[in-house]
Amino acid sequence: MPNDEKGLSRRDFLKAAGTAGAGSVLAAAGSLAQSRANASESEPEITQVPKRAFGKTGVDVSILSLGGMFDISSNQLMLRQALKWGVTYWDTADCYEGGNSELGIGQYFKRYPDTRKEVFLVTKSDSRDVEGMTQLLERSLERMSTNYIDLYFIHGMRSIDEIGTATKAWAEKAKSAGKIKFFGFSTHSNMEQLMMDAAKLGWIDGIMMSYNFRLMQTDKMKAAVEACAKAGIGLTAMKTQGGSWISRVLESELELTDRFIKLGYTDKQAKLKAVWENTDIASICSQMPNMSILTTNIAAAINRTRLSAKELNLLEHYARETASDYCAGCTAICEPCLASSVPIGDIMRYYMYYQSYGDHDLARALFAEIDQTTRDRLLSLDYSEAERKCPQRIKIARRIEEATIVLG
């Protein structure tokens, strides 16, 4: 692309795509038109998001999941449009938007009760104990105006020790009562080990984990995905953009952007497509807070063009080149190195929300939930051993300091 074409250089394009979102830079309608143009005359036109089997559950789910924090008033139209385009997997949690996310979905089901049977509904519990899980499940059912949850997750697990025989018994009882159909957990930390452990249990139906063009390249993640697939566990990928904290533009990223533009989609759409290349991933959960991002992601899901080996190799090269800009969530390695307990992985994730997602309010709110005593000692700890052991070679002390400044 010439530097003066329409007054937007490829470097400017890349910066715009990173800050404004893919839908703001390339019209989603153009991507949809491209997907239709790619279909041969003998192939039917795809007008809805495709589906894949969700593990051994016997249920097919849309390969794109509507994730995020739905408020009561402004997202009703988006919920309706998502369903119209075949995004039937909806994900939320009891804590999103202080409960307003579940209330927003409940308002939708009250208005359109017949649509409930079309939706694969997922919500999550922040509680681990049986009594707390029961209370939160009942509240979620009431908020969302439904008598059952399709998939109920324990939210943000870090170790398989957080669940056990009592959890299994609770899940079986909730299933027998018809209040949930399937059970599992979500995780941002130590994903690979958690997945391997879950595959051995025999009673986990689904897992939602961080998974993207960076993480999918590692031998550990490949083995974990394979183990879950063999165990019949349905897998949902989140954090699929692999966002970092660094706002720099590398030649390898420019090369990627150029190539994707010529193929008719953005770098963000390409990163979704890279995840969908692995058919063991049933769905991608993407936070889509506005119609522009929803439309663009749907365009990527409908588009039949597959990434070539060349493009996948370019993504893999870029992942290696920028590894130190991204926290892979292997907190079992770094956090035990510190003199006192600090949630390094959580802080890195909140900092990524701030820098990469541009979600400043959420990032600061989450950081504020860390107890004051821990926040007070963040800048006084010695992170050198954690840095030495970090597989990503992250300058942890520097990132913690930066995060403390912008989030504190």
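For the residue classes I count Ala, Val, Leu, Ile, Met, Phe, Trp, Tyr, Cys and Pro as nonpolar, Asp, Glu, Lys and Arg as charged, and the others, Gly among them, as polar.

I note that this is a predicted model, in which local features need pLDDT of at least 70 and side-chain atom pairs count only at pLDDT 80 or more, while totals for chains, interfaces and linings use all residues. Residues are numbered from 1 along each chain as its sequence is written, and side-chain values use heavy atoms, with hydrogens and water left out.

I searched the whole structure for cavities and found five of 30 Å³ or more. A cavity here is a set of points, on a 1 Å grid over the protein atoms alone, where a 1.4 Å probe fits but cannot get out, and lining residues have an atom within 4 Å of a point. Points are joined across faces, edges and corners, and a volume is the space filled by probe spheres set on them.

I looked up the largest cavity, which holds about 180 Å³. It is lined by 16 residues, and those closest to its centre are His-188, Tyr-326, Cys-327, Arg-349 and Met-352. Helix H15 (residues 344–357) gives the most to this lining, with four residues; helices are DSSP runs of H or I, at least four residues, numbered from the N terminus. By class I find six nonpolar, seven polar and three charged residues.

Of its 14 lining residues, Cys-327, Cys-330, Cys-334, Cys-390 and Ile-394 are the closest to the centre. H14 supplies the largest share of this lining, three residues, and the lining divides into eleven nonpolar, three polar and no charged residues.

How values were computed: 1 Å grid on protein atoms, 1.4 Å probe; cavity = no way out; pocket = protein on both sides within 12 Å on 5 of 7 lines; lining within 4 Å. Helix = DSSP H or I, 4+ residues; strand = E, 2+ residues; numbered from the N terminus.
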